[in-house]
Amino acid sequence: MKLGGYIDRIPWVNLTDGSVEYKNIDEADARKYIGGRGLGVKYVFDNGHGVDPLSPENILCVMGGPLTGTDVNMSGRLAVVTKSPLTGTVTDSHMGGWTAAKMRWAGVDGVIFKGKSSKPVYAYVENGEVSLHDAEEYWGKEIHETIKLLREKHGKDCGVMAIGPAGEKLVKFSAWLNEDDRAAGRGGTGAVGGSKNLKAIVFKGDKKNKPKPANKEADKAARKKALATIMAEENITSPRKGGLSVYGTNVLMNITNGIGALPAFNSKVASFDGKAETLSGEWVKENILVNDPTCHACPVACKKEVEVTDGPFKVHMESVEYEPAWSFGANCGNDDVRAVAYMIDMANRYGLDAIESGQVLAMYMEYSEKYSNGKYPKLEWGDTTAMVEFLEKIIAREGVGDILAEGPTMAAEKLGHPELAMAVKGQAIPAYDPRGLKGMGLGYATSNRGACHLRAYTPASELGVMPFGTLKTDPLAWEGKGELVKIFQDIHAISDSFDICKFSAFAEGMDEYTEQFNAMTGLDYSPEELLKCGERIYNLERYYNNLNGFREGSDTLPKRFLEEPSDQPGSEGHVCELDLMLKDYYELRGWKDGVVPEDKLKELEIIA
């Protein structure tokens, strides 16, 4: 392939017989689907929609994009793409840190696994070659210990991503974590690794393998322009000045709480009354913050490393992010951020999605409150000691933990109360109440991987943190949100396929994205042509899901958000007017009640 930015080498590893086939990237696919998420989805689609997610036939794609590991700002991301055991949809989950860069420097654009090993193994990648090694000694170990041992064996400069005991036990929301405690958290990708007896992947990188831009001077100019937007003091990304840099993602806790858009007590209410402050990024910075580490090529440094030195929850960890701080915090009626930090670290050590973990606990807390009959042990709101114990049960699949390990949707069904699962298509909502942020409600409903804030991050507009304060919309208005969600979905599909951090969109726009992509690859796309790639990726995902049975009526929300008005200041009296937004959204998408028609697939060159 002649395009810049691609190493043009993807090992396809057959775990059943241990063979490896090295394939080039089809240039037509690269032009249409870019890389990262986009190419990963194309490979999952081509593998067939009818596979069982936990069967040997499912593939697990670990993918970089043409910008991953380069000098492009915020380019330290990789995508784990597969069919999800949690949702049955296609899913992609991304991790930051340095592992993605080291993967590219190890001489590959990604690694794809199929089959199932007869015993635990890990993959070692160096200079474009993959070898499989016995992992019996690591099986059953926590992720931190596994990574430590593998780096001692292969070098402390290696990038390592691994699953923990939760993935080995096939917990449906288990995750991959790397040496920087960055997680590919959502969708149960860790369980797919566990089903294949794949414990870890080690990348031995050499910067001589760093992908080169097709146009060196244009690349330098494009990066300089993009960096200027990131550094601008008007933007939330501004190093040591913007809220994202100073407080991390948890800068949002007080903001969403103040406008009645912070779900609490399993979304029974839309704010955590006066208790959100002790969970916030501001409180963390003043009380337990010890460091601000960053990812490859990122000046923002949004990660917040903390240390708790007293009490029952002593821990040194990174990072107290907004989503898990909410999930283990407000959503469970818990205002102790020290306990939150401890539980996030548990999720990182054992390999759990911290969002889904807190959500399944909150669902069970409401079940205990309303319907407990003595069959299962109760879990009270805010009981942090018991929360830790229940997490241990989930990881081990012991007792009621075996039910909860299936995720909130399946667990609530097994408990006889499916209405308690605050989820869409099997995946739990994150930390934004659709009654207070209407666009986010539409984003949840139409996300192709189940409820998700990262498919269309409308709070950037609804909370006014878009580049230089542009494109501010009313969080309580439903009008115009169909267009807003579609634009965000298509843009985020692009950044996920580059693969660069979504937070770049808090500063950069399509012009910056297009200039950097063109300089790297040597293509001459217009912003509109690049945006069409994002639309194509989103429609391919939707088509795959349609083939898997997600059709008319699948784009919905829990009735709580549609029928129970908020009683909290800022969103009082509001429900989420999903039907009205869906009508506009489907018209803009050219879909028929959530289904992609044949003429749209042909227009986007998904089918001939």
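Predicted model: local features only at pLDDT ≥ 70, side-chain atom pairs only at ≥ 80, totals over all residues.
User: Hi! Which strands make up the open sheet, and in what order?
Analyst: The order is β13-β14-β15, and the pairing is antiparallel.

User: Which strands stand at the edges?
Analyst: Those are β13 (289–291) and β15; each has a single partner strand, so one side of each lacks a neighbour in the sheet. From one strand to the next, the twist averages 30°.

User: How many bridges join β14 and β15?
Analyst: Four bridges link β14 (residues 305–308) with β15 (residues 315–318). In one of the pairings, Glu307 has His316 of β15 as its bridge partner.

User: And what sits between those two strands?
Analyst: The hairpin has six residues between β14 and β15, and Gly311 there takes a positive phi near 80°.

User: What about β13 and β14, how many bridges there?
Analyst: They pair over two bridges, again antiparallel. Asn291 finds its bridge partner, Glu305, in β14.

User: Which helix packs on the sheet?
Analyst: Helix α12 (residues 337–350) does, touching β14 and β15, and its direction makes about 65° with that of β15.

User: New topic: at what angle do α20 and α21 pack?
Analyst: Helix α20 (residues 510–521) and helix α21 (residues 527–547) meet at about 90°, with their axes 9 Å apart. They are therefore roughly perpendicular to each other.

User: Which residues make the contact?
Analyst: From α20 come Met510, Asp511, Tyr513, Thr514 and Phe517, while α21 brings Pro527, Leu530 and Leu531. By type, the contact of α20 with α21 has six nonpolar residues, one polar and one charged.

Definitions and conventions. Residues numbered from 1 in each chain as written. Heavy atoms only, no water. Axes fitted to C-alpha atoms, helices over the stretch in contact; angles between N-to-C directions. Parallel < 35°, antiparallel > 145°, perpendicular 65-115°, else oblique. Contact = heavy atoms within 4.5 Å. Nonpolar A, V, L, I, M, F, W, Y, C, P; charged D, E, K, R; others polar. Pairing = 2+ DSSP bridges.
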